[in-house]
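Please examine the sequence and the structure shown below.

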Amino acid sequence: MLSSRLTLSVIFLLPALSLADDVRDLQTQAVETKRGAFGHWGWDPENYLAWSTHSNRLIPVYTFGTINAGPGISLKSYQGQNSPYASQTKLEDLYGYVPYGTLNPEAPYFDQTNIFDIQKAALDAGKKHIILVVFDGTDWQTTWAASTYKNKRVAYTEGRGTGLHVQDYDAAGTTEFGWMVTSPWCDDVTCDLDNQTVSNVEQALRGGYAYEVAGLYPWSRPTDIKYLIGKAEQHELRQAYTDSSTSAASMTSGVKSYNASINVRVDGTQAETIASLAQQKGYRVGVVTSVPISHATPAAAYSHNVHRDDYQDLTRDLLGLPSISHPQEPLTGVDVLIGTGYGSERTKDSGQGKNFVPGNSYLTREDQQKVDVRNGGKYVIAERTPGVVGIEELREKAQLAIDSKHRLLGFFGTKYGHLPFQTADGNYNPTIGRRNEAETYTEADLIENPKLAQMAEVALDVLSQDDSPFWLMVEAGDVDWANHDNNIDNSIGAFLSGDAAIKTVTDWVEKHSNWDETVMIVTADHGHYLVLDHPELLVPDRDGK
């Protein structure tokens with residue numbers, strides 16, 4: 001039974017229910033009939049559920065504080081003739097060879113590894129705050145859907161777009177817009193988690209970006225509709241699309257690798273992350289996510305492992321504990337880690353190594369006790385607690401961490417693994433996706449968990465104490481989960497909650513800093529394959545009801 005304080009809080013946390021929920025109805029109908037009036041996922045317009053995973057689409061990049069910020073920080077440093085895709089030598093460095101159809105002397109796009117280059121240049125230039133915001137699984141089309149809903153009209157058909165905070169905020173005239181290739185070195189290989197080795201790389205499908213087929217822009221439609229998913233008619237055009245781990249690691253360590261790698265090269269060696277480099281220069285570092293703390297993207301912020309599914313060991317790296325990849329000399333550990341995974345229990349997990357401990361999938365009870373400041377560890381722990389408002393728990397423990405000069409670990413979540421899905425209309429009542437199941441949340445789920453924007457705000461407060469420089473990753477990971485489920489309602493809602501987190505960050509910069517000493521990059525690790533045939537149908541309340 002929730003306390004009266006919690007019950008009262010529901011009134012303020014839940015938006016008023018609307019009489020009509022057009023996007024929810026569109027999603028439900030599309031799943032039930034296998035036909036989407038507004039669009040579809042994949043190559044087949046007759047099958048709404050044709051494709052449920054990633055693609056090789058170009059991905060939008062929004063930067064703030066980058067114009068005239070110094071060499072290597074502006075996007076112009078990597079576009080056109082400066083693009084790695086305009087140089088045979090640079091392509092060989094990226095992929096180990098020049099992939100078919102990939103060399104483009106006038107490429108308007110750059111590579112995902114250049115996101116690391118921008119952060120490294122910002123670090124070398126002494127920028128005080130470096131912030132990477134990752135909308136997992138979000139391509140231009142996903143953003144277009146959210147913007148159309150928010151604008152209540154189709155406001156654009158190409159370019160940066162408008163209507164969302166990330167699109168309209170100009171950071172005192174320092175913002176830029178571009179797009180990047182996310183293809184990996186290669187697809188899946190053989191990984192030995194217990195020995196941390198990699199093999200059979202030579203058998204894997206290689207990466208690349210054949211621009212004449214795929215298109216020059218994120219909004220382009222390919223001439224071979226299956227090219228983007230590695231199934232092109234022409235054999236030479238079959239090129240790998242990325243997964244979340246190696247794509248995130250491309251941005252945090254600047255290395256292309258095989259799918260499922262976490263800052264590990266194709267030869268099995270470890271790549272140093274931008275967060276570790278920042279720590280070496282006295283920066284605090286933090287990671288915030290709406291999904292489990294050691295899922296692909298947050299893990300790639302800091303950890304090393306040959307495979308993304310070795311969650312407990314990835315968490316150990318994040319928290320500075322001995323792990324399978326750093327058994328004798330643990331990593332330093334991040335200063336702030338806030339995410340989910342609470343309540344996710346398993347007795348077995350074939351995806352993790354022999355050292356898997358039954359219990360929580362991501363954070364073992366023993367590891368949690370080791371890092372707890374009450375047991376001599378370095379972290380004040382905020383945890384989902386029955387009957388306690390999540391954001392109040394997080395803020396209280398954050399203040400304790402600041403006052404006592406300790407680190408902060410925030411561990412929240414639902415039985416589904418992530419924060420509750422906000423749907424397009426701002427409520428928390430998802431409808432069915434491709435699994436033909438709809439998540440349902442209790443009152444406690446909504447009250448005992450903070451929102452992503454609140455988590456980001458707390459992280460900023462802890463990291464910036466004593467006027468410290470910092471590096472921060474914020475991940476809106478639930479966009480990817482929604483897109484995997486072919487759920488447009490959840491996808492739009494997840495993007496809007498992530499956009500709210502971006503506003504929280506920009507508000508903090510304007511209040512406590514400025515865009516001369518801050519660089520922020522907002523992008524995604526990869527895209528999916530949402531095709532919007534009639535985006536106007538996503539406009540809410542079209543009939544004026």
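**Aromatic rings, strands and cavities**

The count of aromatic pairs comes to 22, where rings of Phe, Tyr and Trp (its six-membered ring) pair if their centres lie within 6.5 Å, and planes under 30 degrees apart count as stacked, over 60 as edge-to-face and the rest as tilted. One of them joins tryptophan 140 and tryptophan 144 in a tilted arrangement, with 5.0 Å from centre to centre and 35° between the planes. This is a predicted model, in which local features need pLDDT of at least 70 and side-chain atom pairs count only at pLDDT 80 or more, while totals for chains, interfaces and linings use all residues. Residues are numbered from 1 along each chain as its sequence is written, and side-chain values use heavy atoms, with hydrogens and water left out.

Where do tryptophan 140 and tryptophan 144 lie? Both belong to helix α5 (residues 140-151), 4 residues apart, or about one turn of the helix. Helices (H or I, at least four residues) and strands (E, at least two) are DSSP runs, numbered from the N terminus. An α-helix has 3.6 residues a turn, so residues three or four places apart point the same way. Tryptophan 140 counts as buried because its relative accessibility is 3%, and tryptophan 144 is buried as well, with a relative accessible area of 10%. Here buried means under 20% relative accessible area, exposed over 50%, and partly exposed in between (1.4 Å probe, protein chains only).

The rings of tyrosine 217 and tryptophan 219 have centres 5.2 Å apart and planes at 5°, so this pair is stacked. Tyrosine 217 is partly exposed, because its relative accessible area is 34%. One aromatic cluster is formed by Tyr62, Trp140, Trp144, Tyr156, Phe177, Trp179, Tyr217 and Trp219.

Strand β2 pairs with strand β5 (residues 176-181) in the antiparallel sense over 5 bridges; two strands pair if DSSP finds at least two bridges between them. In this pairing, isoleucine 59 stands opposite methionine 180 in β5. Strand β2 is also joined to β15 by 4 bridges, and these two run antiparallel. Phenylalanine 64 stands opposite methionine 520 in β15.

How many cavities of 30 Å³ or more does the structure hold? There are 4. On a 1 Å grid over the protein atoms alone, a cavity is a set of points where a 1.4 Å probe fits but cannot get out, and lining residues have an atom within 4 Å of a point. Grid points are joined across faces, edges and corners, and a volume is the space filled by probe spheres set on the points. The largest cavity has a volume of about 70 Å³. Its lining includes Ile59, Pro60, Tyr62 and Val522. Strand β2 provides the largest share of that lining, 3 residues.

The loop between α17 (488-512) and β15 (518-523) contains serine 513. Serine 513 counts as buried because its relative accessibility is 12%. Its side chain makes a polar contact with the side chain of histidine 129 at 3.2 Å. A polar contact is a pair of N or O atoms within 3.5 Å; within protein, one must be able to donate a hydrogen and the other to accept it, and residues adjacent in sequence count only if both atoms are side-chain atoms.

Definitions and conventions: On a 1 Å grid over the protein atoms alone, a cavity is a set of points where a 1.4 Å probe fits but cannot get out, and a pocket is an open set with protein on both sides within 12 Å along at least five of seven lines; lining residues have an atom within 4 Å of a point.
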